[in-house]
Amino acid sequence: KTRVYRFGNKTADGNSKMKNLLGGKGANLAEMSALGIPVPPGFTITTEVCTEYNQLGKDAIIELVKEEVEQSIANIETQMGSVFGDKENPLLISVRSGARVSMPGMMDTVLNLGLNDEVVIGLAKRTNNEQFAWDSYRRFIQMYGGVVMGMKPESKDDIDPFEEIMEHLKHKRGIQLDTEFTVQDLKDLVYDFKDTIKKRTGKDFPTDPWEQLWGAIMAVFNSWNGDRAVYYRNMHGYPADWGTAVNVQAMVYGNMGDNSGTGVCFTRDAGTGENVFNGEYLINAQGEDVVAGVRTPQQITKLGSQRWAKLAKIEEDDRLENYPSLEELMPSIFNELNEYQDILEKHYRDMQDMEFTIQDGKLWILQTRNGKRTGAATVKIAMDLLKEGMINEKEALLLIEPNKLDELLHPIFDPTALKRSNVIAQGLPASPGAATGRIVFFADEAKKYKHSILVRIETSPEDLEGMNIAKGILTARGGMTSHAAVVARGMGKCCVSGAGALNINYKTRTLTVGDHVFHDGDWISLNGTTGNVIEGKVATMEPELSGEFAELMTLAEKYGEIKVRTNADTPKDAKIARAFGAQGIGLTRTEHMFFEVDRIKAMREMILANTIKGRKHALDELLPMQRVDFEGIFEAMQGQSVTIRLLDPPLHEFVPHQLATQKELAEDMHISLQAVKNKVAELEEFNPMLGHRGCRLGNTYPEITEMQTRAIIEAALNLKERGIVCKPEIMIPLVGTVKEFEMQSEIIRDTANKIFEERDDTIEFLVGTMIEVPRAALVADLIAEKADFFSFGTNDLTQMTFGYSRDDASKFLPIYIEKGILKVDPFEVIDQEGVGQLIKLGTQRGRATKPNLKVGICGEHGGEPSSVEFCYNTGMDYVSCSPYRVPIARLVSAQAAI
Ligand code: ADP
Ligand code: MG
Ligand code: MG
C-alpha cells in the first residue's frame, strides 16, 4: 500500500479527485503541479496513515513510512539542489495539515523546519541574508514551540508567550513592526524563545532536523483531534475517521526582503460574488502574516486598492507610497498570478481561494481550493458561472449548499433607521449582513446574551465556537482575508474587520472610540455590507429577493420533483411563503388562532362549560372568527391546496394558571373562582403530550370538530362566491386506530353535507390524517381505506418512537450528542435508521391499499436538506416547512431529482 504521494516539477502521483486519501490541500497541490503551475516540490502522507497513527501510535507509524518519507525527502533535495539538515546548503521544509474538506486554521502547520543553531548560520551565508535566516529561525521556534511543544497562552486574556516576548522587545527598542528587528534582536529572540520553552516544558528545543520532522508530522495528526478541529467537525457533521493528511513541502521564502512577499487571493468576491479578482499581500512576510493581521495588508489589484483606500480614508499619494497594489508594485508577478487564477478557476469551474508566495521575484502557488463564500455570493457565483457557460444548469444547482440560502432570507437594516443612526467607526465590509447585539470581548462569553457581538482585536481559530454563537463579529485588526473575515463569510455571519479606530482592552473589558467608552453588555450594530460600526440598536427589515435569487428559484422549479408546501397559520405567513414559491400549505395549526385576546375568552368559556349547550354557545362565538382566518388563508393561497389540522393541543394550555387571570375569568363568566380553579385542576395531566389531545379531543367533544369543519367549509363556499377557488384538506391529528379516524371523518362529512344543503352549493375537499403515532404507521393500510391523504407529523412521530419528550429532551440531548450516543438531534434531522422505517412502512402500506394516496410531511424536518432528500426518496408528494425554509427545500427538491 502506498502511504506517500509526491508532487512537484510539473508532475504528481496524485490528482484532485483523490481528496479522501490526500486531503483537499494535497490533492490540489498534486493537480496544480501536473497542470504546470509552480508549486514547491513535496509529498503527502495519506489520511489513512492518520487513522493508522490513532490505532498504532508514533513509533509504529515511523516504522511504516520511514523509507518512503526518506526517499521523498531525497527527491525534494534533488529538485531544490539543497540538503535537509545540511550546514552549508540547507533545505527547509513546511509540514502542513489537510483534511478532505478545507477546515481553515483548524489544524496545525509548521514552517521553516530543519533549522538549528548551525544550520541557521549556513542559511545566512548561502543566501547572503542574515536578517532573513534569523527571522526564519525565530518563526520556526515560535511555530514548533506552539504546535509541537504546547507553548500556548495560559489563560484567555493572556497573549501568546512568544508574542509577549516580541512585544516586550519592540517596546524596549521603540519599534512597531516585526520587520524592524535587527539581526541581533532576532538572535536575542531565538535565545529567549528557547529559554522560555525550556522553563515551561522542561524540554530542550530539538536540534536534529529528523527529530523535528517526525515531531511535526505527529503534531499534525494530533491536531485532527484537537479541540478546534473537533468543534469544527461536529459543527459540520464530519466523522472522526476521515483523518488528516500531512503535506511536507520545500519552503519558499516570502521573508527574503523587499523583492519577496506572501498573499492570499480569490478569483471572485467571496462577500458579494462579483466577478473581480481580489486579494491581499504583504511584502517581506511569511505564512499567516497576512491572515493574522500583524501589519496592514495591501490589495492585489489597483481597483481593489483604490476601493480600500477610500474606505480607510487614505489619500492617493499616501496609498501609492505606502500601500501600492501588487499590480502597481510588481506588474509582471501580478500578470503571472492573474493568469494562474484564471487557469485554476476554469479548471475547477468554481471560485478559487489561493495562497501564494513571492521569493526574490519568483512566484510560487502554495494552495488552491474552492473558496468559502456568503449565501449571496454562493447564488451569484453559481448563476454567473452558468451564464458564462462554465457550468450547466444542473451543475449550477448542485454548486449551492442549500442551507446557505438561509442567510439571504435574513433581515437587513431598515434604511430610514440607518440614516438616523450614529456611525462610530469604519472598518472593512468583511462579511455582509446586519447585526445588532451586546458587546462581549471573549468568544466563550458569546452565549452570555441572547444577541451578542463578539469584539476582538483579532480572532483566532480558538474563537470559532463563540463566533458561531455571536450575531456579528467586529475586529480592530486584520483585512479582508483575516481569520475573522474568512470564517465569518463561511458561516454567513456579519463581520466588520480591521476597524483601526477601535481601542480594545481585554482586561477592563472596554471598547474605546475617541472619547466614547463602551462596556461589556452595551449595544452596538454592525453593517457588514458597508463596514460601518454603529452605536446602539438599529431596526431591521425583510430583505428583497430578486435578480439571481429569482433565477435560481426558477431553475429549481424546472428540476424539482417533490412539491414544497409551507406551514402557515396566518394569511401573512401564507403570503410570505407564496412569495418564496410555496406550492400550497401543508399545515395550518388552528389552535394558534385561539390565542388572541378576545378569542381566548371564548375558548375558555367553551372549556369551562359544563354542558353541551354551554359549549356550543361558546363555539358559536368562535365560529365566525375561525371562518375569517380561513378565508384569509385561502385567499392568500389562490387556489392551491391548504391542509388544515383540527384542534390538537391539550386543553389545559388554554386555561389561565395565575390567580389574577383566574379571578378575571370567573368574573367574566359569572361563576365562582373555585369553579375555575377546579376546572384547571381537573385538566391537569401527568403527561399532557400523551394525554387528552389530538383527535382524542374531537372524539370526546365532537362539537369542536363540527365548529371547525363549519368554519372551513363555509369559508371555502364564501370564497367560491367571490370566484376564488380553494381546495381544503381537513387533517385529523394524532390518529392511532382506524376507528378514531372514522369517527372524526364521519362528523366532518356529515357537517359538510349539512352546509351544502343549507347553502345549496358544494365544494370539493379531502379528509386525511397525520401519521404521528407509531401505531398509525403500522396500520396505515387500514387507515388508507378511509383517508384521502397522509401527512407525516415527524415531530410527534420522533417523540413517540424514541420516547423522548420534546419538551424535556434539551436536558439530555446535548450530552447524548457530545458523547456520541446520537450523531445529531433527531428533532432537527430525520432519524432515517429508526423513525425513517416507520415513514417508509407507513407510505408503502398506505399506498398498497390506495396506490395514489397523497403523502407528505409537515414536521420541522420538512425544511432540513437531508430530510427533504429522504422524503423524496421515500416517494412522498410534498414536504411542508416554515415559510423561510421554502427556498431551501425547493433547491433540495431539485438537487435530489438531479
Ligand atoms: P492552513 O490550512 O491553515 O491554511 P497551511 O498549511 O496552508 O495552513 O499553511 C499556513 C501558511 O503557511 C499559509 O499561509 C501557507 O501559504 C504558508 N506555507 C505553507 N507551506 C509553505 C511553504 N512550503 N513555503 C512557504 N509558505 C508556506
Ligand atoms: Mg492554507
Ligand atoms: Mg403532532
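A residue is called buried if 20 or more other C-beta atoms lie within 10 Å of its own, exposed if 12 or fewer do, and partly exposed in between. In this predicted model, Gly-639 has 13 C-beta neighbours inside 10 Å, and therefore counts as partly exposed. Gly-639 belongs to the loop that runs between α24 and β29 (641-645), where, leaving aside residues up to four places away in sequence, Gly-639 touches Val-725 and Cys-726.

Ala-666, which sits in helix α25 (residues 659-669), can be read in the same way. Ala-666 has 18 other C-beta atoms within 10 Å and is therefore partly exposed. When residues up to four places away in sequence are not counted, Ala-666 touches Ile-671, Ser-672, Leu-673, Ala-675 and Val-676. The C-alpha atom of Ala-666 is separated by 58 Å from that of Glu-551, a residue 115 places away along the chain.

The domain assignment gives domain 1 (50-250), domain 2 (261-373) and domain 3 (410-541). The C-alpha centres of domain 1 and domain 2 are 25 Å apart, and six residues of domain 1 are in contact with six residues of domain 2. On the side of domain 1 that touches domain 2, the residues divide into two nonpolar, two polar and two charged.

UniProt, in an unreviewed entry, supplies another set of boundaries. That record lists residues 20-388 as "domain: Pyruvate phosphate dikinase AMP/ATP-binding", and in the model this span is 51% helix and 16% strand, with its end C-alpha atoms 30 Å apart. The annotation "domain: PEP-utilising enzyme mobile", from the unreviewed UniProt entry, covers residues 451-531, a span that is 19% helix and 36% strand and whose end C-alpha atoms lie 19 Å apart. For "domain: PEP-utilising enzyme C-terminal", the unreviewed UniProt entry gives residues 546-896, over which the chain is 55% helix and 11% strand, with 24 Å between the end C-alpha atoms.

The model also holds ligand 1, which is surrounded by 18 residues, the closest being Ser-94, Arg-96, Thr-109, Gly-287 and Glu-355. Two or more residues of this shell come from each of β6 (93-99), β7 (109-113), β8 (244-250), β12 (352-359) and β13 (362-370), and β6 gives the most, with three residues. Domain 1 and domain 2 each contribute at least three residues to the shell around ligand 1. Sorted by class, the shell has seven nonpolar, eight polar and three charged residues.

Asn-112 lies in strand β7, and its phi is near 60 degrees, a positive value in a residue other than glycine. Asn-112 counts as buried because it has 26 C-beta neighbours inside 10 Å. Asn-284, found in the loop between β10 (278-283) and α10 (289-292), likewise has a positive phi, of about 50 degrees, although it is not a glycine. With 23 other C-beta atoms within 10 Å, Asn-284 is therefore buried.

In soluble globular proteins, nonpolar side chains tend to be buried together. Here the largest nonpolar core has 241 residues, and those with the most contacts inside it are Val-95, Ala-216 and Val-879. The largest share of this core, nine residues, comes from helix α5 (residues 130-147). Val-879 touches Ile-562, Val-564, Gly-856, Ile-857, Gly-862, Val-868, Cys-871 and Ala-889, again not counting residues up to four places away in sequence.

After α22 comes Gly-581, whose phi is positive, near 100 degrees.

How values were computed:
Residues numbered from 1 in each chain as written. Chains lettered and ligands numbered in written order. Predicted model: local features only at pLDDT ≥ 70, side-chain atom pairs only at ≥ 80, totals over all residues. UniProt positions renumbered as here; feature names shortened; annotations may be inferred. Helix = DSSP H or I, 4+ residues; strand = E, 2+ residues; numbered from the N terminus. Core = buried A, V, L, I, M, F, W, Y, C linked by C-beta atoms within 7 Å. Contact = placed C-beta atoms within 7 Å. Near = placed C-beta within 6 Å. Nonpolar A, V, L, I, M, F, W, Y, C, P; charged D, E, K, R; others polar. Domains from an automatic or database assignment.
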